[in-house]
Amino acid sequence: MSQFNTIDDLQLSGKRALVRVDFNVPIRDGKITDNSRIVRVLPTIKDLKSQGAKIVLMAHFGRPKGAVVPAMSLAPVAKGLSDAMGGEKVTFASDCIGSEVAALIDQLEDGEILLLENLRYHAGEEANDPIFAQELAKLGDVYINDAFSAAHRAHASTEALARLLPAAAGRLMQTELEHLEQALGQPERPVAALVGGAKVSTKLELLGNLVGKVDVLVIGGGMANTFLNAHGIEVGRSLCEADLADTALSILKEADAKGCKIMLPSDVVVASELAPGAASSNVSADAVPADQMILDAGQNAAQEISDELKDCKTLVWNGPLGCFETEPFDFATNAVARSAADLTKDGSLLTVAGGGDTVAALIHAGVAEDFTYISTAGGAFLEWLEGKTLPGVKALQDAA
């Protein structure tokens, strides 16, 4: 990964710092129900305050598609940010460009904070319109991107703006990129990747990229059923993309050619319905009853994966091993997550996880605080795993 500037590379005292953040938080009845995305940006905000910058925060909320949608206003987030900072004053602007916004910025004292209204109220944001980007650039002296979760989109505030002002990564972006580099860029080997989820079709690019980069690839969730089926194993009423059997076999062949060990569940947990406390049984993967469906990896499979991790130095995790939201089909995900967490705490395994249901699964297992790093970036994390260039990251690298 190419180098990028950080906050430490900018002169910030008295400067107007335009900071792209991700405040796309869940709001119900005008109140934020989960402020974790706000909390994760606080280190950047506090650093900018300590250096005497005028802090101008930019973010999107929802998909207003270039129209002013009152329900998608960032106004509640201004209060949420103030609360997260112990009552610190946060001024809110009713737009994100224009002379009135510029006047509010001029009134800021060094270290004070202004949050701009939803960038996506303007169609130029998602269109990566250079004129809109220039209007944003007029408001600042430096640009800081602290929204890795939006870095996979070439939008005006994530890509074009980074080419108009001195640009750097915020602390959250910096942390994310450094951990991703540790995980797959220049990792300590052996490297394992655990990929779960419902469908192979949604993760073809991911699997194709990983077989060339990792030493062990664990495939779980509904995806594993498709691979078992490709081997000629009957999977009963399980979720299975039978039409992708040839694709699955080609992935296995490529993995073999590149020396990547593929792990599929040797045993599975089956039931006739997906319901809390449903009657279930642990059976060999090749003995699934025709009237039942696979809902989790089995006890032996979970142990085999945990044992494999003991010989690894790095783990990248994306997706659960089973239907973890419904007991008792959370066993394998919980067991392997706890094994990975123990190895992380022992200092023998670097663990980086993210995307899809991964964060929820690790929280459910009670180990979210024990992994080396958990990304909440969703789509950006997945595209990075797929080996794609992220426009927001490339813009920062080009600016370095």
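These are my notebook entries on a predicted model.

**Ground rules.** I number residues from 1 along each chain as its sequence is written, and side-chain values use heavy atoms, with hydrogens and water left out. Because the model is predicted, local features need pLDDT of at least 70 and side-chain atom pairs count only at pLDDT 80 or more, while totals for chains, interfaces and linings use all residues.

**Entry: strand E12.** I took helices (H or I, at least four residues) and strands (E, at least two) as DSSP runs, numbered from the N terminus. I call a residue buried under 20% relative accessible area, exposed over 50% and partly exposed in between (1.4 Å probe, protein chains only). E12 spans residues 267-271, and five of its five residues are buried. Asp267, Val269 and Ala271 cover one side. Val268 and Val270 cover the other.

Next I checked its neighbours; two strands pair if DSSP finds at least two bridges between them. E12 runs antiparallel to E13 (residues 280-284), with five bridges. It also runs antiparallel to E14 (residues 293-297), with four bridges. Val270 has a partner in each: Ser281 in E13 and Ile294 in E14.

**Entry: strands E9 and E10.** Both faces of E10 (residues 216-219) are covered. Val216 and Val218 are buried on one side, Leu217 and Ile219 on the other. E9 (residues 191-195) joins E10 through four bridges, and the two run parallel. I found Leu194 bridged to Val218 of E10.

**Entry: helix H12.** Which residues of H12 (residues 299-309) are buried? I listed Ala301, Ala302, Ile305, Ser306, Glu308 and Leu309. They sit on the same side of H12, because they cover an arc of only 160° around the axis. That arc is taken from the directions from the helix axis to the C-beta atoms.

**Entry: aromatic pairs.** I searched the whole structure and got two aromatic pairs. In one, the ring centres of Phe381 and Trp384 are 5.9 Å apart and the planes lie at 40°, so the pair is tilted. The rule: rings of Phe, Tyr and Trp (its six-membered ring) pair if their centres lie within 6.5 Å, and planes under 30 degrees apart count as stacked, over 60 as edge-to-face and the rest as tilted. Phe381 and Trp384 are three residues apart in helix H15 (residues 379-385), so about one helical turn separates them. Both Phe381 and Trp384 are buried.

**Entry: cis peptides.** I noted a cis bond from Arg189 to Pro190, with omega near 5°. Pro190 lies in the loop between helix H8 (171-185) and E9. A cis bond also joins Glu327 and Pro328, with omega about 10°. Pro328 is in the loop between strand E15 (314-318) and helix H13 (331-346).

**Entry: positive phi.** Asp29 is not a glycine, yet its phi is positive, about 55°. I placed Asp29 in the loop between strand E2 (27-28) and strand E3 (31-32). With a relative accessible area of 75%, Asp29 is exposed. Asn128, also not a glycine, has a positive phi of about 55°. Asn128 is in the loop between helix H5 (123-126) and helix H6 (130-137).

**Entry: Asp357.** Asp357 lies in the loop between strand E16 (350-354) and helix H14 (358-364). From Asn318, Asp357 is 39 residues away in sequence and 8.1 Å away in space, C-alpha to C-alpha.
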